[in-house]
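Subject: A structure for you to explore

Hello,

Here is the structure I promised to pass on to you.

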Amino acid sequence: MVQRVLIAGGYGAVGGTAARYLRRLAPDLEIILAGRTPESGAELAREIGATTLRLDVADPAAALAEAGPVDLIVAALQDRGDALIRAAMAQGAAHIGVTKVVEETGPAVFAALHAPPRRPVVLAGHWAAGVLILAARPAIAEFDRVDSVAMAALYDAADSVGPMSAADAEAFSPRALLRRAGQWAWVDGNEHSRSLRFADGEATVQPLAALDVPSLAALTGAPDIRFDFGMADSLGTRAGGRASHEGVIEIVGVSRSGQPARRRILVSDPKGVDHMTALGAVVIAERALGLDGLPLPSGGLALPETLVAPEAALARFEQFGVRITTETDPA
């Protein structure tokens, strides 16, 4: 049976890249590229054999009725009212949303607890739709105890982000979520900046309320966790080429052998932040639809790291150009 996927924001930088990869992974998949100006997606639709649909996320009912039943809705745009999540749950479709930060997830959680979704509703507002959290999983497994995790994303101003990504960056709130000495704290990110070493440079970064923070707390139990964002020349720019996007993960604790240990993982996408985010959405969609050859997952709320096996995800990321390197040092 042919499965159907609706990508809201499907001809934007993130949605369009995700659509191209999904077509590459599933030639028979029916893909609907939805947005306010479907004519903007006509060329992409012809390229990958998709259809377009006019959709206003503020009032999507008519458009979704026109589209008919789908197996998955990917929200590659802001859905402030959770209209697409509610629509997916109502028709028993899976849902992937890549934009929500911590304080925006509560309504979806309550809705899912009152009426458990029949297919996965994936809260994937982590940085790059979960690429960094999935990259951290294998390193976390090497620790018997994790004392701290510091994760950061470094954006290059020369990165040609799409309109959604640019708007998201401008809308970043200075209100950040930290875990300090085992306690949760909402702080002004401007007052908690730090200097970060990455690759061959330094950058000043400050914390955000990214979903990676509670995910890391659940995975590690570490008393100290933060997620930071900063701007710096990327590895690609420093090499005289296209701007890349970098993520850094630093884990400190005690290894399985009982020795103090530190792992530092650098995740670099030579095609930029939108490309990395699209890849995060693609590996989630691949699992949600069973395109990986495994049985369909059960319904309910999910996170990237609870739905997707990290080994499969990292192999897919590297297949599509993401570079992941790990440094191991005594703590």
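Predicted model: local features only at pLDDT ≥ 70, side-chain atom pairs only at ≥ 80, totals over all residues.

**Two helix pairs that share α12**

Let's start with α6 and α12. Helix α12 covers residues 310-319, and α6 covers 131-140. They pack at an angle of about 120 degrees, and their axes are 9 Å apart. Angles under 35 degrees count as roughly parallel, over 145 as roughly antiparallel, and 65 to 115 as roughly perpendicular, with the rest called oblique. That is why α6 and α12 are oblique to each other. Their crossing is left-handed. On the α6 side, the contact is made by V131, L134, A135, R137 and P138, and on the α12 side by P310, A313, L314 and F317. Sorted by class, this contact has 8 nonpolar residues, no polar ones and 1 charged one.

Now look at α10 (residues 273-288), which also meets α12. Here the axes come within 10 Å and cross at roughly 135 degrees, so α10 and α12 are oblique as well. This crossing is right-handed. From α10 the contact takes L279, G280, V283 and E286, and from α12 it takes A313, R316 and F317. The classes in this contact are 4 nonpolar, 1 polar and 2 charged.

**The parallel sheet**

In which order do the strands of the open sheet sit? The order is β3-β2-β1-β4-β5-β6-β15, which makes 7 strands with parallel pairing. The edges are β3 (51-54) and β15 (300-302); each has a single partner strand, so one side of each is left without a neighbour in the sheet. From one strand to the next, the twist averages 20 degrees.

You can follow one of these pairings in detail. Strands β6 and β15 are joined by 3 bridges in the parallel sense, and V121 is found opposite L301 of β15.

Helix α1 (residues 13-25) lies across β1 (4-8) and β2 (30-35), and runs at about 175 degrees to β2. Helix α4 (83-91) has the buried residues A83, L84, I85, A87, A88 and M89. What covers them includes β1, α3 (61-67), β4, β5 (94-97), α5 (106-114) and β6.

Most residues other than glycine have a negative phi. Two residues here are worth a look for that reason. D82 is not a glycine, yet its phi is positive at about 60 degrees. You will find D82 in the loop between β4 (72-75) and α4. Is D82 buried or exposed? With 7% relative accessibility, D82 counts as buried, because the cut-off for buried is under 20%.

A128 belongs to the loop between β6 (120-123) and α6, and counts as buried at 5% relative accessibility.

Strand β12 (residues 224-231) is mostly covered, with 6 of its 8 residues buried. Strand β7 (residues 143-155) pairs with β12 in the parallel sense over 8 bridges, and L154 stands opposite G230 there. Strand β11 (residues 201-207) runs antiparallel to β12, and 3 bridges join them. Which residue of β12 is the bridge partner of V205? The partner is G230, which is also the residue opposite L154.

Last, A185 sits in strand β9 (residues 183-188) and is buried, with a relative accessible area of 12%. Apart from neighbours within four places in sequence, A185 is in contact with A176, L177, L178 and R180.

Enjoy exploring, and do write back with any questions.

Best wishes

How values were computed:
Residues numbered from 1 in each chain as written. Heavy atoms only, no water. Helix = DSSP H or I, 4+ residues; strand = E, 2+ residues; numbered from the N terminus. Buried < 20%, exposed > 50% of the residue type's maximum accessible area, 1.4 Å probe, protein only. Pairing = 2+ DSSP bridges. Axes fitted to C-alpha atoms, helices over the stretch in contact; angles between N-to-C directions. Contact = heavy atoms within 4.5 Å. Left-handed = near helix turned anticlockwise from the far one by under 90°. Nonpolar A, V, L, I, M, F, W, Y, C, P; charged D, E, K, R; others polar.
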